[in-house]
Amino acid sequence: MILSKIFKNTLLILAACLVLTACATKKEVSDAIQGQMQSDVYTGTDTVEYLADGVPDRVFFATNETILTTASRETLRAQAAWLRKNSSINVVLEGHADERGTREYNLALGERRANSAKDYLMTYGISSDRISVLSYGKERPVDAGSNPLAWSKNRRSVTVKAN
Amino acid sequence: MKKNFLILFLMALLPIKAFALIEVDITRGNLNPLPLAVSPLSIDDKSKKSFEKILKKENIGSEISTIVENNLRTSGLFNPLNKEAFLQAPDIANLKPRFEDWNLIKAQALITGKVTYVDEKLRVEFRLWDILAAKEMMALAFTTVPSNWRRVGHIISDKVYERLTGEKGYFDTRIIYVAEEGPKTQRKKRLAIMDQDGANNKFLTLGNELVLTPRFNPTSQMVTYLSYFKNLPRVYLLDIETGTQEVVGDFPGMTFAPRFSPDGKKIIMSFAKDGKSDIYTMDLENRLVEKITNHPSIDTSPSYSPNGKFIAFNSDRSGYQQIYIMKSDGSDVKRISFGNGIYGTPVWSPRGDLIAFTKLHKGKFYIGVMRTDGKGERLLTENYYQEAPSWSPNGRVLIFYRETKTNAKGEGFSAKLWSIDLTGYNERLVETQTDASDPSWSSLLSN
Amino acid sequence: MNRSLIISSVLHGALILITAMSLPFLAKKPLEIPPIVSVELIQIAEKTNIPFAPKAKKIIEKVKEKEKKLVSEQAPPKKVKKTKTKTVVSVDKNEKIDSKTPEAIPLPDKTVKKIETKKESKQNPDKLDKEVKQVSEFEKKEFVDLDNIAKLIDKAKEDTAEVIKKNNDITQDQDKNIVTSGLTLSEEDALKAQIFGCWSIPLGLPYNENLLVRIKLMLEPDGSVIKTEILDHARMNRPGQGFYKVLAESALRAVKLCQPLRVPTTGYERWKELQLNFDAREMLEG
């Protein structure tokens with residue numbers, strides 16, 4: 001009687017251990033599967049439009065951040081190259097924030113993000129005369145969802161042709 | 001020696017009364033709203049007909065008393081009793097209420113009054129009675145143009161409120177806000193203004209360009225706000241009466257988060273350039289611009305103290321959004337928010353004693369207040385998303401806005417105005433015709 | 001090599017066994033006994049039976065002084081020596097009188113009567129009669145039974161001394177308790193509970209100001225209010241203290257609403273003047 005009990009309990013312990021180790025953050029697993037986010041930055045292509053072949057029009061940011069990721073820099077380098085080729089085109093960088101913040105601060109955050117992108121373009125030889133910055137804060141989300149993935153798509157700086 | 005002492009002692013004991021006055025400490029009571037009766041204002045037939053013709057209202061006497069009733073009820077401090085139970089007719093009650101009758105229905109105070117049409121004007125007199133003490137507490141009369149009848153109701157409410165709570169009222173006020181419509185990704189926004197009870201709603205802009213964060217000036221005749229006119233986000237001034245709009249200053253970049261100084265002479269706002277936002281003021285008379293903060297961080301949401309000597313603002317110079325206070329010339333910057341979470345939208349109370357704010361912590365938004373030294377932080381309400389509190393002119397009520405979650409398809413978004421009392425009680429929805437956000441409370445109109 | 005292997009595996013096995021065996025103990029949840037909620041039933045008694053604090057002397061002195069005054073008010077101005085004990089005695093009597101029928105005269109009374117018969121009356125019989133008559137007109141619930149007091153005063157002091165001693169011993173506790181506060185704890189609680197229900201505290205009061213209103217009441221024996229007086233009356237009209245007026249008015253409304261007040265059934269002289277200290281701070285500070 002006691003033996004069977006002990007046996008059962010041992011199995012229980014083993015099973016519990018297995019289950020616990022398997023339970024990594026579900027979210028990370030699901031996002032990784034979708035391949036849309038990495039370290040809170042959107043890496044997908046759903047909402048991305050193209051200025052030209054191989055030149056995505058936008059870069060994405062982590063929550064509250066204005067730092068450019070490696071992927072963002074790649075995108076901006078492509079944009080800079082395209083702008084050098086089309087020297088008559090001027091652009092407006094539109095900065096956006098997700099809805100999980102106060103409205104006024106988000107306006108400033110959007111401006112800072114767009115400015116981050118502008119600075120980087122300038123280091124690749126694009127004159128500041130050709131780039132203007134505009135922030136929409138959280139006013140123009142591209143995805144109306146209320147979830148981390150939607151929010152990550154909204155944290156962006158979009159390069160728009162001005163002429 | 002001993003004898004003397006004994007005599008003294010006995011003498012000291014003599015004047016003692018037979019029984020010491022018994023003292024009983026009453027430290028608790030109930031926080032129930034005060035039950036009072038608002039009797040419809042009595043009106044003579046001739047006046048009644050005149051007003052019916054002019055205002056298209058059948059009984060202006062009961063219309064005005066309804067305004068008073070609603071105001072007192074929404075304040076959360078009063079419980080206006082059901083009119084069906086009233087025993088005395090309005091005209092008799094106004095002359096001399098039979099206090100026992102009103103006592104029967106458990107009313108502790110009574111409002112009665114009379115409306116007359118005199119010299120093409122609306123004349124209202126009202127009385128406030130203390131039922132338990134069986135005496136008159138207050139009697140006032142007003143004369144104004146008939147179209148102002150709603151304001152008379154609000155002014156009476158303010159007087160009654162002040163007499164019964166000791167504080168100035170907030171009913172004769174207006175609220176300016178952003179009326180929203182449309183899909184979340186392409187919202188149409190217009191400036192709108194309404195009476196504090198939702199009546200007299202008017203749209204002030206057409207909705208062709210994005211408008212945000214409108215605020216009244218101290219006389220409530222001008223509004224400053226952010227407009228994306230021609231795709232250039234700038235701070236503007238709007239004259240409510242004439243409707244004229246003008247841009248504030250000539251800044252080479254985005255200006256936003258505007259407010260008026262307490263004397264109405266300056267606009268304080270943020271100016272964003274090259275990735276940083278600083279606080280600036282502009283004098284409306286001589287158009288002189290002054291830079292107040294100078295820091296690589298984002299400094300925004302400035303709010304003056306009522307005496308104009310200090311400014312509370314939002315800065316991320318410590319890494320995350322926190323609340324700071326500085327002198328009005330920008331010196332002596334001090335951080336005052338130290339709790340867990342992110343703090344934003346500081347607003348200084350008109351009483352000068354508290355600062356209201358928005359807080360984000362662990363994915364939840366809070367509206368709270370803290371003392372001006374940062375201590376005594378109290379969170380009043382929690383929600384999925386809410387922000388931007390604005391004070392009523394008596395510093396007792398906060399109005400703010402909430403947004404709802406959308407479902408997986410991105411549907412179900414709505415934005416609404418809410419208000420809450422400083423004590424955390426009486427959280428209620430402020431009805432608006434459309435969705436609404438960014439509310440701002442005017443000062444008392446009758447000053 | 002083998003030996004160490006065996007020992008190692010045995011010890012490991014033992015460890016696993018212990019873990020497995022201890023599981024059942026882990027599995028069992030400790031029984032959650034709900035905390036015992038003690039319910040205190042407060043009866044409104046005339047006397048509070050609390051063990052007395054070590055201030056006996058002082059308070060007994062006080063009692064004596066009080067009793068002295070009391071007696072001198074009601075009795076004809078005869079020698080008032082040792083009147084202290086007499087009132088004690090009568091209190092006892094009163095208690096017993098209330099609980100039983102008015103006619104029943106308990107033991108202490110008998111002893112007094114004994115004294116009566118022993119000694120000669122020094123007082124003018126006529127005067128005594130008058131007093132007795134007057135007494136009988138008054139409510140029987142009077143704290144001090146004038147009838148008995150009058151008699152007591154008349155008698156010689158020596159014999160009452162005996163009574164004194166006896167009664168002192170018996171009534172020590174009760175004696176002290178009457179005196180500490182005019183109202184017994186339970187009486188006070190009853191009155192407080194009543195007024196708590198009637199007082200609508202205006203929510204609009206600033207919670208960080210002095211929110212104390214003191215009201216002096218003059219009461220009828222049945223608890224109805226004859227007169228109210230707001231102490232700190234000057235504060236009502238001081239600028240910036242508008243809320244004080246509001247607070248005071250709310251306290252007055254509470255008193256009016258609560259009439260008749262829940263007053264003790266006896267001892268009118270104790271509480272005919274009452275002071276209520278309304279303090280809203282506790283409620284508003286939250």
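## A salt bridge in chain C

In chain C, Lys272(C) and Glu269(C) pair up in a salt bridge, with their closest N and O atoms 3.2 Å apart. Keep in mind as you look around that this is a predicted model.

## Chain C as a whole

Chain C has 11 helices and three strands. If you walk along its sequence, the pattern reads α-α-α-α-α-α-α-α-β-β-α-α-β-α.

Of its 286 residues, 41% count as buried. Now take the contacts in chain C with a separation of 6 or more: 76% of them come from residues 24 or more positions apart.

## Where chain B meets chain C

Here 38 residues of chain B are in contact with 43 residues of chain C. Together the two chains bury about 4,000 Å², and carbon and sulfur atoms give 60% of that area. How many salt bridges are there between chain B and chain C? The count is one: Arg163(B) with Glu249(C), whose closest N and O atoms are 3.0 Å apart. There are also 13 residue pairs in polar contact across this interface, both residues being at pLDDT 80 or more.

Which parts of chain B do the touching? Helix H1 (2-13), strand E1 (22-26) and helix H6 (149-165) each supply at least two residues of that side. E1(B) gives the most, with five residues. Sorted by class, the side of chain B that touches chain C has 19 nonpolar, nine polar and 10 charged residues.

Five bridges join E1(B) to strand E3 (residues 273-279) of chain C, and the two strands run parallel. To find one of these bridges, look at Ile26(B), whose partner in E3(C) is Phe278(C).

## Where chain B meets chain A

This contact takes 49 residues from chain B and 27 residues from chain A. The two chains bury about 3,100 Å² between them, 49% of it on carbon and sulfur atoms.

Six salt bridges cross this interface, including one where the side chains of Asp316(B) and Arg112(A) meet at 3.2 Å, N to O. Polar contacts link 27 residue pairs, both residues at pLDDT 80 or more. The side of chain B that touches chain A divides into 18 nonpolar, 18 polar and 13 charged residues.

Over all chains, the salt bridge count comes to 42. One of them joins Arg351(B) to Glu167(B), with the closest N and O atoms 3.1 Å apart. This pair links distant parts of the chain: Arg351(B) sits in the loop between strands E23 and E24, Glu167(B) in the loop between H6 and strand E8, and they are 184 residues apart. Arg351(B) is partly exposed at 35% relative accessible area, whereas Glu167(B) is buried at 7%.

Another salt bridge connects Glu427(B) and Arg402(B), 3.2 Å between the closest N and O atoms. Glu427(B) is in the loop between strands E29 and E30, while Arg402(B) is in strand E28, 25 residues apart. Glu427(B) counts as partly exposed at 37% relative accessibility, and Arg402(B) as buried at 8%.

Finally, find Ser305(B) in the loop between strands E19 and E20 of chain B. Is Ser305(B) buried or exposed? Ser305(B) counts as buried because its relative accessible area is 2%, under the 20% cut-off. Beyond its neighbours within four places in sequence, Ser305(B) is in contact with Pro262(B), Phe310(B) and Trp348(B).

Definitions and conventions: Residues numbered from 1 in each chain as written. Chains lettered and ligands numbered in written order. Predicted model: local features only at pLDDT ≥ 70, side-chain atom pairs only at ≥ 80, totals over all residues. Heavy atoms only, no water. Contact = heavy atoms within 4.5 Å. Buried area = accessible area lost by both parts, 1.4 Å probe. Salt bridge = Lys/Arg side-chain N within 4 Å of Asp/Glu carboxyl O. Polar contact = N/O pair within 3.5 Å; in protein donor to acceptor, adjacent residues only side chain to side chain. Nonpolar A, V, L, I, M, F, W, Y, C, P; charged D, E, K, R; others polar. Helix = DSSP H or I, 4+ residues; strand = E, 2+ residues; numbered from the N terminus. Pairing = 2+ DSSP bridges. Buried < 20%, exposed > 50% of the residue type's maximum accessible area, 1.4 Å probe, protein only.
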